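Here's a quick briefing to read alongside the structure.

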Amino acid sequence: MSASNHNDSSSAPEDSVSRREFLLRLGVTGALIAGSGIAARKLWQPQHFVPGFGKEKGLQLRSYAPEVSKVLPSLAIAHGTEHEKTIRAAMAALGGMGRFIQNGDVVMIKPNVAFDRPPALAATTHPDALRAVAKLCFEAGARKVVIADNPINSPTGCFLKSGLTAVASEMNLDLLYPETNSFAPLSLSGEILKEWTFFNTPFKHATKVIGLAPCKDHNLCHASMTTKNWYGLLGGRRNQFHQHIHSIVSDFALMMKPTLVILDGMNVLMSNGPTGGRLSDVKPMNTIVAGTDMIAVDAYGYSHLLERDIAELTYLHKANERGLGNINWKDTLYKEVQA
Amino acid sequence: MANEKKSGTGNRREFVRTRVPPAEYIASLVILGLLVVIGIAIAIKGRHFDPNLFAVRTDSLNSTIAPVVGKDQTAPSQAAAQPGGFNAAPAASSKPAAEKSTNLAEGSPEGGAEASTAPPKSAVKGEPLEIALAGIKPMSDTEFYDADNLFEKIDGRAPAYQGFNVQQLRCRSFSVLAAAGSFVDVYEYRFDSPVDAFGMFALERDPKGGSLGFAPDGYSGEMGYFFRQGAVYVQIIASDVKPETMALARAIAQNRAQELPADDRGLAGRRKLPAEGMIADSVTFVPENAQGQATLKEVFQAKYKFDGAELPFFIMVAAPDVAAQAWKSFQDFCGKFGTVKNLPAVNGGSIFSAQVFGKWKVVYQRDGELGGVFDAADETAAQTFVEKYLRGEIK
């Protein structure tokens, strides 16, 4: 046996590994393994996710809110009979649209287009209101105005019948319909809203965000105004939140920090909301409320436009208690004007 | 044993290094290099997750939804846009199978070969809303919703309809050819029963609406027509008040009243409510627990002007023994929370009067009919009204 071994080793001396070479190769292999480990550690992203692999972590919206002014009002109430004049008056009372929109801004306007109802029924943002706000944005120097909403019903039908498609075409606005790839997961530390799919595409390039909502009765949460308006940005089977409607609506004040919100109270859907269907449900109130605090704006809307007791609107109280807005609108710096 | 090439220590073979040709050596280095490049590329691309890249594209599944013989609820996808109409955007929630069945029946362009297949039997429930009238043109396919997905059409309004046992919503939009940009929406909510349909209709009733000659439970509004026909609550909503649009809205309403079958089952109580003194459009239907009483079901209520007072009056029609039991139960309840006294019977009707929480109730029972005045401020007016009703003096 030993003779045989000797013969084998001596027959291939050139293939044997010397001590030096062995150590060298060991060192190189060790260095490669260590390098791989360091590279993997460097590239590892704890927050990174791929759908289907591990827990999802979503995006967090940035704040679009303007700087707080101690001089200029944060709430304006304008009374008038024409949308454009009244909205101009409200914005002038706030210090002008130039306070909120600057040259080159990309403005995302979020109307409420939840239903395929004609404008006269006041279930959706009125086309005259959108036209006026878009015009003011362009006058202030906006480079682009985007409008988007995610109605549960057919988006094309809702935008068409509410008259907003025509305004978008006339004013050269970018109308973004929700598509399958328009959504991204959103993360929020809300009371109910934690992680949910969100209509994200309109916000990709937006530098300013304006909420433009009608003031209307709502069968489930009493009223749909500027805070409830953000509901239209959620995707998925969002009706499951109806069980906790006041919690979810108050979460929107946490989710969205808009540049400005405008409540259209020119014609208010007083009953049978949120869909309405009869002109008799609609009451002309000839008022526009604009402001930076959606809770204050809605508080005015509920008490003065829907003419109801603010004590019953739970979601405003929840948001107020969480410090997300001021339900006592009279305590804010406000201005009331006539258009 | 002599030929075995084993080391002297156990069965381990002697290490023999394989000679690697230079070409293979170079090839292996190239492969390793490529792997490193691929790894770096993956690392760079993976640093920023693009949700668009991983989004589920449901349209890619269209080819898998052809109808399966013997299996309901499968049908081709939604029809393509029709001239002058609009289509659902891609992100719109998937429509119920019934709608898809409708498209199939209509031979949708996307249906292709499948369109020639007979629609599944469930398509009966999803018959398209066709209206044979000149001057209108469908803007889109008929939409169908059931109680579970009604929110997809009317969102937060859906629970109100579910409270009255809605079964299905069938709706469609029609453009008005004589008025550019104008349209008329037709909504047909089908309920479990005519009583349920009436209940929802009454809840949304416009007190200022004008009466309709072609539908007793109906009214016209400034922009539409609303009525109950059988178990269906019909809403015809115009886009504007142009004469052409409103004329067609009325024609469509008349068409629907004619086409939908009449059925007034369960509405006997409604018919028994006296018309004299009734405040227009104050009629409501309470399916159960009327006035907090478990025994008061399917109750019709209305308000009446009587001797300068406004009196709420209710009627329930049931089997005589059920009505008698409910009357006794109501009397016992009033006795627990107030004072009760029996009044002399009038024309075969037993009557009691009660004061509960400061308000007066005068309740009668005659055969299978139970009714009376409730929440009245004036006992005398309430009693007089009930006695006159029982004598047939208020009709």
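Which residues in H4(A) meet which residues in H6(A)? In this predicted model, Pro127(A), Leu130(A), Arg131(A) and Ala134(A) on the H4(A) side meet Leu164(A), Ala166(A), Val167(A) and Met171(A) on the H6(A) side. By class, that's seven nonpolar residues, one charged and no polar ones.

**Helix packing**
- Helix H4 (residues 127-139) and helix H6 (residues 164-171) of chain A have axes that come within 9 Å and cross at roughly 25°.
- Because angles under 35 degrees count that way, H4(A) is roughly parallel to H6(A).
- The crossing of H4(A) past H6(A) is right-handed.

**Nonpolar cores**
- The largest nonpolar core runs to 100 residues, and Ala90(A), Val107(A), Ile109(A), Val133(A) and Ile262(A) have the most contacts inside it.
- Setting aside neighbours within four places in sequence, Ile109(A) touches Leu130(A), Val133(A), Ala134(A), Val145(A), Ile147(A), Ile210(A) and Leu212(A).
- There's also a second, separate core of 85 residues, including Ala202(B), Tyr233(B), Leu296(B) and Phe385(B).

- Gly273(A) and Pro274(A) are joined by a cis peptide bond, with omega about 10°.
- Pro274(A) sits in the loop between strands S9 (260-269) and S10 (282-291) of chain A.
- Asn272(A), in the loop between S9 and S10 of chain A, has a positive phi near 60° despite not being glycine.
- Asn272(A) counts as buried because it has 23 C-beta neighbours inside 10 Å.
- Asp155(B), another non-glycine, has a positive phi of about 45° and lies in the loop between helices H4 (151-154) and H5 (158-162) of chain B.
- With 26 other C-beta atoms within 10 Å, Asp155(B) is buried.

Conventions:
Residues are numbered from 1 along each chain as its sequence is written. Chains are lettered from A and ligands numbered from 1 in the order in which they are written. This is a predicted model: local features need pLDDT of at least 70, side-chain atom pairs count only at pLDDT 80 or more; totals for chains, interfaces and linings use all residues. Axes are lines fitted to C-alpha atoms, for helices over the stretch in contact, and angles run from 0 to 180 degrees between N-to-C directions. Helices (H or I, at least four residues) and strands (E, at least two) are DSSP runs, numbered from the N terminus. Angles under 35 degrees count as roughly parallel, over 145 as roughly antiparallel, 65 to 115 as roughly perpendicular and the rest as oblique. A crossing is left-handed if the near helix is turned anticlockwise from the far one by less than a right angle, and right-handed if clockwise. Two residues are in contact if their C-beta atoms, placed from the backbone, lie within 7 Å. Ala, Val, Leu, Ile, Met, Phe, Trp, Tyr, Cys and Pro count as nonpolar, Asp, Glu, Lys and Arg as charged, and the others, Gly among them, as polar. A nonpolar core is a set of buried Ala, Val, Leu, Ile, Met, Phe, Trp, Tyr and Cys residues joined through C-beta atoms within 7 Å. A residue is buried if 20 or more other C-beta atoms lie within 10 Å of its own, exposed if 12 or fewer, and partly exposed in between; C-beta atoms are placed from the backbone.
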